[in-house]
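Biologist: Please take me through this model feature by feature, giving the general idea before each particular case.

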Amino acid sequence: MVNASETDNGKRLIARLRADYSQFKFVPGTQEHWSPRNSTITYCESEPAEEFRYGLLHELAHALLGHDTYSSDFELLKLEVEAWDLAAKIGKKYGIKLDNDHIQDCLDTYRDWLHRRSKCPACGMHVLQKDSNSYQCFNCGTAWQVSSRRFARAYRRKL
Ligand SMILES: [Zn+2]
Ligand SMILES: [Zn+2]
């Protein structure tokens, strides 16, 4: 449950971030994300207070790191790790200590996703990515495409 004082804290944090990072726009939405196209950080107020703060700092970190596109699933995981590192540093400035378990849970989600995407649908071998949108199995030769949207859930179809 989100109580009134936590909502106030959240609003205060947004106000401070807006002032300190005026180069970015902060807008409420249903799914938190960073959009490099219009320099906008979308935050999700309906989340529990802690997650709301962590998510906000995480997206701000993506923004400050200038994260835009990525060329492979593995690179995306690397960008996620970088963003959490910086989010933890920014958090210190605002008296917010990020919970390491939460960070690891989030990264595990990406690791699982990477693991699913890299698995050959024909023989089950885990292989390296061929390019940003496809994998090819060195074992049986099967090729499959993956969607490249940043927040897409694992999605595969055979070529
Ligand atoms: Zn992220
Ligand atoms: Zn295979």
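Biologist: Is Ser39 buried or exposed, and why?

Modeller: The idea is to count neighbours: with C-beta atoms placed from the backbone, a residue is buried if 20 or more other C-beta atoms lie within 10 Å of its own, exposed if 12 or fewer, and partly exposed in between. Ser39 has 12 other C-beta atoms within 10 Å, and therefore falls in the exposed class. Bear in mind that this is a predicted model, in which local features need pLDDT of at least 70 and side-chain atom pairs count only at pLDDT 80 or more, while totals for chains, interfaces and linings use all residues. Residues are numbered from 1 along each chain as its sequence is written, and chains are lettered from A and ligands numbered from 1 in the order in which they are written.

Biologist: Where is Ser39 found, and what is its phi?

Modeller: Elements are named from DSSP runs, numbered from the N terminus: helices are runs of H or I of at least four residues, and strands are runs of E of at least two. Ser39 sits in the loop that links β2 (33-35) to β3, and its phi, near 50°, is a positive value in a residue other than glycine.

Biologist: What does Thr42 touch, leaving aside residues up to four places away in sequence?

Modeller: Two residues are in contact if their C-beta atoms, placed from the backbone, lie within 7 Å. Thr42, which belongs to strand β3 (residues 40-43), touches Val27, Gly29, Gln31, Glu32 and His33 under that exclusion. Thr42 has 18 C-beta neighbours inside 10 Å and so counts as partly exposed.

Biologist: How many helices and strands does the protein chain have, and what pattern does it follow along the sequence?

Modeller: The protein chain has four helices and seven strands, and these follow one another as α-β-β-β-α-α-α-β-β-β-β. Buried residues account for 18% of its 159 residues, and its C-alpha atoms fill a box of roughly 55 × 30 × 25 Å along the principal axes.

Biologist: At what angle do the axes of helix α1 and α2 cross?

Modeller: Axes are lines fitted to C-alpha atoms, for helices over the stretch in contact, and the angles between N-to-C directions run from 0 to 180 degrees. Angles under 35 degrees count as roughly parallel, over 145 as roughly antiparallel, 65 to 115 as roughly perpendicular and the rest as oblique. The axes of helix α1 (residues 4-20) and α2 cross at roughly 10° and come within 10 Å, which means that α1 is roughly parallel to α2. Glu6, Asn9, Gly10, Leu13 and Leu17 of α1 make this contact with Ala49, Phe52, Arg53, Leu56 and Leu60 of α2.

Biologist: How do the residues of the contact of α1 with α2 divide by class?

Modeller: For classes, Ala, Val, Leu, Ile, Met, Phe, Trp, Tyr, Cys and Pro count as nonpolar, Asp, Glu, Lys and Arg as charged, and the others, Gly among them, as polar. The contact of α1 with α2 has six nonpolar, two polar and two charged residues.

Biologist: How do helix α2 and helix α3 cross?

Modeller: The axes of helix α2 (residues 49-64) and helix α3 (residues 73-93) come within 8 Å and cross at roughly 110°, so α2 is roughly perpendicular to α3. Leu57, His58, Leu60, Ala61, His62 and Leu64 in α2 meet Ala83, Trp84, Leu86, Ala87, Ile90 and Gly91 in α3, a contact with nine nonpolar, three polar and no charged residues.

Biologist: How do the axes of α3 and helix α4 cross?

Modeller: They come within 10 Å and cross at roughly 175°, helix α4 being residues 100-117, so α3 is roughly antiparallel to α4. The residues of the contact of α3 with α4 comprise nine nonpolar, no polar and four charged.

Biologist: What does the domain assignment of the protein chain give?

Modeller: Domain bounds come from an automatic or database domain assignment, which here gives domain 1 (4-117) and domain 2 (119-159). Their C-alpha centres lie 28 Å apart, and nine residues of domain 1 are in contact with seven residues of domain 2. On the side of domain 1 that touches domain 2, α4 gives the most, with four residues, and that side divides into two nonpolar, four polar and three charged residues.
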